[in-house]
Every structure is written in C-alpha cells, then in structure tokens.
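Subject: Structure for you to look at

Hello,

Here is the structure I promised to pass on, with my notes below. Have a look whenever you have a moment.

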Amino acid sequence: MQDGQHDCNYTDAGLDLSYDLEFYALMAESFERSVGRSLTPEGQGAKWLYGRSPAVVLAHNTDADPRFIYANRAAQACFDYSWDEFITLPSRLSAKAPDRAERDRMLKALAANGFIADHRGLRIAKSGRRFYIEKAIVWDLVDRSGHRRGQAATFDSWQDVQAD
C-alpha cells in the first residue's frame with residue numbers, strides 16, 4: 001500500500017474498504033506472510049472475500065480504542081450489524097465486558113507472535129446473542145514497508161451459547 005493513497009492508519013470512518021483493492025492486498029498479503037497460505041481461493045479477490053466468502057473476515061485499525069474498519073457479509077450476518085454499523089463500532093464491543101479480558105490476552109499474544117491460529121472466544125452480536133468463535137485465525141495487518149496498520153481475524157465456525 002502506498003502512503004497517501006488512503007489514511008494509512010484507517011482512522012477515517014468514512015472509508016469504504018468493502019471492495020477496496022489496496023486494503024484487500026494488505027489483508028491477503030499479511031495473511032499469507034503470517035499464516036503461510038492464501039486468504040482466498042486462487043483466482044478470487046476483494047469482491048469474493050467481501051460478498052461470497054463463507055468465512056467471517058473482520059479487521060480493526062490501530063486507534064487507542066480500535067474500531068472495526070472491515071467486516072465482510074459473513075461477518076455482518078454473524079454479528080447482526082450492517083456495514084455502516086460495523087465500521088463505527090469499537091472492536092472491544094464484540095465481546096461482553098467480562099469476556100474482554102480473554103480477548104485482551106489473545107491480542108497481547110498476537111502482538112508477540114504476529115498471528116494466532118485456532119483461537120476460541122466468546123463474542124456477542126448486536127441482538128445480544130452470544131456465541132463462541134471457533135478455530136479463528138487472527139493476524140497483524142502489516143504493509144509492505146513493515147508498518148502495522150491493524151489486525152484482522154477470520155473464522156468459519158461458531159457455536160451459539162444457549163440462554164440461561
């Protein structure tokens with residue numbers, strides 16, 4: 001990604017990164033460097049990832065209180081938020097307050113290692129529905145210059161928690 005083409009810290013909530021080719025490249029290249037495999041099937045790109053991927057893909061920026069900057073259609077369906085709602089939401093609100101400590105521990109481990117595979121964590125949808133994400137991969141979004149631009153996660157398995 002070239003500096004100056006986007007707000008490189010992704011602080012502008014008005015950016016629409018849903019089909020953005022540069023942002024897709026940042027996510028896909030960071031994923032491949034960290035995890036060692038492709039984020040999308042061969043021949044598929046930004047449009048497929050946003051609109052057709054069965055896996056949830058989310059990303060947040062590097063603000064002091066990180067805010068979601070990307071949520072594909074699968075993420076929107078899983079968390080019950082529209083695009084416009086997601087990109088104004090602090091990512092910490094995807095977990096209930098008691099579960100934020102677990103999320104914070106995961107993010108610290110991510111900072112130390114660059115990515116985490118096989119993460120499991122309790123999350124909350126807009127509706128209040130609670131669910132465990134299963135086998136999530138979480139990785140740092142690092143541009144070609146080595147600058148950290150945020151973090152992303154993907155998972156294709158989750159399990160609703162039954163109400164007490």
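In which loop does D80 lie? D80 sits in the loop between α3 (73-79) and α4 (83-86), where helices (H or I, at least four residues) and strands (E, at least two) are DSSP runs, numbered from the N terminus.

Before the rest, a word on the model. This is a predicted model, in which local features need pLDDT of at least 70 and side-chain atom pairs count only at pLDDT 80 or more, while totals for chains, interfaces and linings use all residues. Residues are numbered from 1 along each chain as its sequence is written, and side-chain values use heavy atoms, with hydrogens and water left out.

Backbone and D80

Phi of D80 is near 65°, a positive value in a residue other than glycine. At 32% relative accessibility, D80 counts as partly exposed; the scale here is buried under 20% relative accessible area, exposed over 50%, and partly exposed in between (1.4 Å probe, protein chains only). K135 also has a positive phi without being glycine, near 55°. K135 belongs to strand β4 and is exposed, at 60% relative accessible area.

Salt bridges

I count a salt bridge when a side-chain nitrogen of Lys or Arg is within 4 Å of a carboxyl oxygen of Asp or Glu. The structure holds 8 of these salt bridges.

D80 comes back here, linked with R129 and D160 in a network of salt bridges.

Another pair to find is R120 with E134, whose closest N and O atoms are 3.2 Å apart. R120 is in strand β3 (residues 115-124) and E134 in strand β4, so the bridge ties together parts that are 14 residues apart in sequence. R120 is partly exposed at 43%, whereas E134 is buried at 15%.

R148 and D140 form a salt bridge too, with 3.3 Å between the closest N and O atoms. Here R148 is partly exposed, at 40% relative accessibility, and D140 is buried, at 9%.

R149 is found in strand β5 (residues 148-155) and is buried, with a relative accessible area of 7%. What does the side chain of R149 contact? The R149 side chain makes a polar contact with the side chain of D143 at 2.9 Å. A polar contact is a pair of N or O atoms within 3.5 Å; within protein, one must be able to donate a hydrogen and the other to accept it, and residues adjacent in sequence count only if both atoms are side-chain atoms.

Nonpolar cores

In soluble globular proteins, nonpolar side chains tend to be buried together. A nonpolar core here is a set of buried Ala, Val, Leu, Ile, Met, Phe, Trp, Tyr and Cys residues joined through side-chain atoms within 4.5 Å. The largest has 24 residues, and F23, M27, L49, A59, Y70 and L141 touch the most other members. At least two residues each come from α1 (21-35), α2 (46-51), β1 (56-60), β2 (68-71) and β4 (130-142). The biggest contribution is from α1, with 6 residues. A second, separate core has 16 residues, including V56, A71, A74 and A136.

Pocket and cavities

These were found on a 1 Å grid over the protein atoms alone: a cavity is a set of points where a 1.4 Å probe fits but cannot get out, and a pocket is an open set with protein on both sides within 12 Å along at least five of seven lines; lining residues have an atom within 4 Å of a point. Grid points are joined across faces, edges and corners, and a volume is the space filled by probe spheres set on the points.

The largest pocket holds about 180 Å³ of space. Of its 14 lining residues, R37, A55, T154, F155 and D156 lie nearest the centre. Elements giving two or more residues to this lining are α2, β4 and β5.

The whole structure has 3 cavities of 30 Å³ or more. The second largest cavity, of about 40 Å³, is lined by Y10, D12, A13, L15, L17, R67, I69 and I87.

Best wishes
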